[in-house]
Amino acid sequence: MSQPKIFITRLIPGPGLNLIKEHFPSPKIWTHDLPPTREQLLERVRGVDGLLCLLTERIDAELMDAIGSQVKVISSMSVGVDHIDLGEATKRGIPIGHTPGVLTDATADQTFALLLAAARRMVEGVDYVRAGKWTTWHPQLLLGADMVGATLGIVGFGRIGQAVAKRAQGFDMRVIYHDPTAESAYNAQPVDLDTLLRESDFVSLHVPFTAETRQMVNDQFLSSMKRTAILVNTSRGGVVDQTALHRALKSKQIFAAALDVTDPEPLPMDSPLLELENCIIVPHLGSASKRTRDQMSLLAARNLIAGLKGERLPHCANPEVYK
Ligand code: GLV
């Protein structure tokens with residue numbers, strides 16, 4: 001067949017990129033650090049047969065119009081697909097690829113890193129030393145929360161939520177979860193959301209971002225948590241009402257929060273959340289380990305290649321497209 005036209009919206013890790021080039025030698029790649037602007041994206045995707053994108057690109061009807069009806073596949077190097085209008089893609093017969101599984105452990109590790117960092121006030125400690133405030137060992141300095149015996153409440157018990165539960169076993173935590181669709185695993189006990197919020201010392205969010213989960217962490221959610229509780233979010237920023245979270249942290253209605261994700265991303269530098277000592281924010285690093293990103297690039301490449309060859313995608317986010 002003649003060479004298909006491919007556009008890749010950023011320089012992805014070598015394993016995935018090399019695999020694509022083995023099959024199709026000349027993909028067009030956006031090599032800048034920052035993603036293409038909307039206008040640049042609409043321009044570059046015109047007429048391509050395959051698009052490999054990241055979660056920074058909004059893939060909606062306008063973009064699908066710009067690509068054209070010849071497109072065979074859109075492959076996202078992400079597990080989450082909330083940046084893609086799946087219904088629209090399905091309607092147009094476009095299979096959407098994503099990268100489940102390979103980032104489960106890295107994201108669960110990141111969740112635990114944030115949980116521990118917030119519990120033991122790690123960032124405040126680092127800032128304290130750097131500011132030259134460390135004058136002695138003080139019996140009351142930067143006291144945090146214990147893990148052993150604490151209750152961890154997991155909201156959304158899919159792959160990543162379960163991997164977090166698995167890690168919690170090693171810390172002798174009690175694990176409860178809220179997810180009407182999930183079976184129990186790792187001794188985690190299913191509970192309703194009110195019970196979870198009332199009983200948890202740590203609340204960790206692992207739900208997909210949908211119309212139902214948008215801003216589910218609101219004033220009511222936060223006021224149902226313990227005053228000593230810590231909120232961890234490695235799902236999507238839009239799940240949390242950040243104004244409500246700011247109020248809850250500032251008034252010490254909850255003890256602390258640790259966020260891997262915000263809305264918007266990047267978080268504007270004038271966000272009041274950045275002024276709070278009891279709020280840790282890192283720049284969406286859940287899957288950011290070398291091996292994980294290599295594997296994500298490989299899965300995204302395999303989806304792209306399969307789609308371009310007219311084969312079923314190994315990891316399709318809208319399998320109904322094949323019906
Ligand atoms: C990261 O957030 C992803 O969806 O891959």
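No disulfides, defined as pairs of cysteine sulfur atoms within 2.5 Å, are found in a search of the whole structure, which is a predicted model. A disulfide is a covalent bond between the sulfur atoms of two cysteines. For Cys53, the closest cysteine sulfur is that of Cys316, 13 Å away and therefore too far for a bond. Cys53 is buried, with a relative accessible area of 0%, and Cys279 is buried at 10%; buried denotes under 20% relative accessible area, exposed over 50% and partly exposed the range in between, with a 1.4 Å probe and protein chains only.

Because the model is predicted, local features need pLDDT of at least 70 and side-chain atom pairs count only at pLDDT 80 or more, whereas totals for chains, interfaces and linings use all residues. Residues are numbered from 1 along each chain as its sequence is written, and side-chain values use heavy atoms, with hydrogens and water left out.

The domain assignment, whose bounds come from an automatic or database source, divides the protein into domain 1 (6-102 + 290-322) and domain 2 (104-281). The C-alpha centres of domain 1 and domain 2 are separated by 32 Å. Contact (heavy atoms within 4.5 Å) involves seven residues of domain 1 and five residues of domain 2. The two domains bury about 530 Å² between them, of which 47% is on carbon and sulfur atoms; buried area is the accessible area (1.4 Å probe) that two parts lose on being put together, summed over both. On the domain 1 side, Leu55, Asp82 and Gly101 lose the most area to domain 2, together accounting for 60% of what that side buries.

One salt bridge is found across the interface of domain 1 and domain 2, the criterion being a side-chain nitrogen of Lys or Arg within 4 Å of a carboxyl oxygen of Asp or Glu. Asp82 forms a salt bridge with Arg236, with 2.9 Å between the closest N and O atoms. By class, the side of domain 1 that touches domain 2 comprises three nonpolar, three polar and one charged residues. Here Ala, Val, Leu, Ile, Met, Phe, Trp, Tyr, Cys and Pro count as nonpolar, Asp, Glu, Lys and Arg as charged, and the others, Gly among them, as polar.
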